[in-house]
Amino acid sequence: RLAASGYLRVQSGSPWAARGREVPRGTLNYLEPAGTHRNPTWTNLDLMGTYRLPATGRATVTLEARVVNVFDNQTALSTDALQFLDFRSSTAAPFIQPYQQPNPFYGLGNGFAPPRRLYLGAGVSF
C-alpha cells in the first residue's frame, strides 16, 4: 500500500558568453568566444510517497505527497550575458563603434531553479 520514490538530477551549468546589443537585422553580437563562461552545476532531489487505501468494492483511494527540490537549491540556471546596453554604428568602417553604456546586471543570474515545493494530492479509482 505504501510506495516511495525519488529522482536525483545533476546538471552541468549551461555555457554563456558576453554579448553586445544585437546588430539590427543581424546576428548575435558576441564579444568573446561562445561558451567562455559557465553557470554553476545544479543538483536537484525530488521525493514522492503514495499510500493506497481500500474503499468499498473495487474502489481505491490514493493519497500522494511530492516534495520538489528537497534541498531548496536556488542555483542560477541562466545569466545576463548582455555586457553593454547601447549599440552605436556608423556608415563608414569600422561600422560598429565602441560601446559606452555598461549593463549593471551583466554576469548576474536572471533565471533560477524553482524553489522547494510540496504537492499534495488524492485520487479515487473504481
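L8 is exposed, with a relative accessible area of 59%. This value, like the others reported here, comes from a predicted model. The class follows from the cut-off, because exposed means over 50% relative accessible area. L8 belongs to strand β1, which spans residues 2-11. Leaving aside residues up to four places away in sequence, L8 makes contact with T43, N44 and L45. A separation of 37 Å lies between the C-alpha atoms of L8 and T27. Along the chain, these two residues are 19 residues apart.

Strand β1 is part of an open sheet of four strands. The strand order is β1-β6-β7-β10, and the pairing is antiparallel. Strands β1 and β10 (117-125) are the edge strands, each pairing on one side only. On average, neighbouring strands of this sheet are turned by 15° against each other, direction ignored.

Within the sheet, β6 pairs with strand β7 (residues 60-68). This antiparallel pairing runs over eight bridges. Across the pair, P54 is placed opposite T60 of β7.

Strand β6 covers residues 42-54 and includes Y51. The relative accessible area of Y51 is 33%. Y51 is therefore classed as partly exposed, since that class lies between the buried limit of 20% and the exposed limit of 50%. Y51 also contributes to a nonpolar surface patch, together with L2 and L63. The area of this patch is about 300 Å².

How values were computed:
Residues numbered from 1 in each chain as written. Predicted model: local features only at pLDDT ≥ 70, side-chain atom pairs only at ≥ 80, totals over all residues. Heavy atoms only, no water. Patch = residues over 30% accessible without salt bridge, like charges linked within 9 Å, V, L, I, M, F, W, Y side chains within 5 Å. Areas by Shrake-Rupley, 256 points an atom, 1.4 Å probe, with all protein chains shown as cover. Salt bridge = Lys/Arg side-chain N within 4 Å of Asp/Glu carboxyl O. Helix = DSSP H or I, 4+ residues; strand = E, 2+ residues; numbered from the N terminus. Buried < 20%, exposed > 50% of the residue type's maximum accessible area, 1.4 Å probe, protein only. Contact = heavy atoms within 4.5 Å. Pairing = 2+ DSSP bridges. Axes fitted to C-alpha atoms, helices over the stretch in contact; angles between N-to-C directions.
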